[in-house]
Amino acid sequence: MNMNNDSVWRIKVVPNAPLLVEGKVELTLADGTTQMAENPHLCRCGASKNKPFCDGSHAKIGFKD
Ligand code: FES
């Protein structure tokens with residue numbers, strides 16, 4: 001996927017929560033495969049069982065940033 005210079009992608013950093021990406025994005029996973037995702041919530045606590053996506057585990061482990 002190529003991002004043209006007019007595109008603005010937004011990522012919100014929310015306290016004690018995942019990264020909230022706004023828009024449709026192509027993710028390249030650790031195994032090299034790609035996957036399209038719309039408005040994904042990306043884990044930043046490290047506890048998700050479904051990385052790179054948030055699965056709500058941050059709340060269970062009491063993630064604080
Ligand atoms: S941020 Fe939600 S599981 Fe990691």
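Strands S1 and S2 pair in the antiparallel sense over 4 bridges, where two strands count as paired if DSSP finds at least two bridges between them. The model is predicted: local features need pLDDT of at least 70, side-chain atom pairs count only at pLDDT 80 or more, and totals for chains, interfaces and linings use all residues. Residues are numbered from 1 along each chain as its sequence is written, and side-chain values use heavy atoms, with hydrogens and water left out.

**Sheet and confidence**

- S1, S2 and S5 form an open sheet of 3 strands in the order S1-S2-S5, with antiparallel pairing.
- S1 and S5 are the edge strands, each pairing on one side only.
- Helices (H or I, at least four residues) and strands (E, at least two) are DSSP runs, numbered from the N terminus.
- The protein chain has an average pLDDT of 91, and 91% of the residues score at least 70; pLDDT is the predictor's confidence in each residue, from 0 to 100.
- Confidence is highest in H1, at 98, and lowest in strand S3 (residues 24-28), at a mean of 93.

**Salt bridges**

- The whole structure contains 2 salt bridges, each defined as a side-chain nitrogen of Lys or Arg within 4 Å of a carboxyl oxygen of Asp or Glu.
- Glu-22 forms a salt bridge with Lys-12, and the closest N and O atoms are 3.3 Å apart.
- Because Glu-22 lies in strand S2 (residues 19-22) and Lys-12 in strand S1 (residues 10-13), this pair ties together parts that are 10 residues apart in sequence.
- Glu-22 is partly exposed at 33% relative accessibility, and Lys-12 is partly exposed at 46%; buried means under 20% relative accessible area, exposed over 50%, and partly exposed in between (1.4 Å probe, protein chains only).
- Asp-65 and Arg-44 meet through their side chains in a salt bridge (2.4 Å, N to O).
- This pair links distant parts of the chain, with Asp-65 in the segment after H1 and Arg-44 in the loop between S5 and H1, 21 residues apart.
- Asp-65 counts as exposed at 54% relative accessibility, whereas Arg-44 counts as partly exposed at 28%.

**Ser-48 and Ser-57**

- Ser-48 lies in the loop between strand S5 (41-42) and helix H1 (57-61), and Ser-48 is buried, with a relative accessible area of 4%.
- The side chain of Ser-48 reaches the backbone oxygen of Phe-53 at 2.5 Å.
- Beyond its neighbours within four places in sequence, Ser-48 is in contact (heavy atoms within 4.5 Å) with Cys-43, Phe-53, Cys-54, Asp-55 and Ser-57.
- Ser-57 lies in helix H1 and is buried, with a relative accessible area of 9%.
- The side chains of Ser-57 and Asp-55 make a polar contact at 2.6 Å; a polar contact is a pair of N or O atoms within 3.5 Å, and within protein one must be able to donate a hydrogen and the other to accept it, while residues adjacent in sequence count only if both atoms are side-chain atoms.
- Not counting residues up to four places away in sequence, Ser-57 touches Ala-47 and Ser-48.

**Nonpolar core**

- The largest nonpolar core has 6 residues in all: Val-21, Val-25, Leu-27, Ala-37, Leu-42 and Phe-53.
- A nonpolar core is a set of buried Ala, Val, Leu, Ile, Met, Phe, Trp, Tyr and Cys residues joined through side-chain atoms within 4.5 Å.
- Leaving aside residues up to four places away in sequence, Leu-27 touches Thr-33, Thr-34, Gln-35, Ala-37, Leu-42, Pro-52 and Phe-53.
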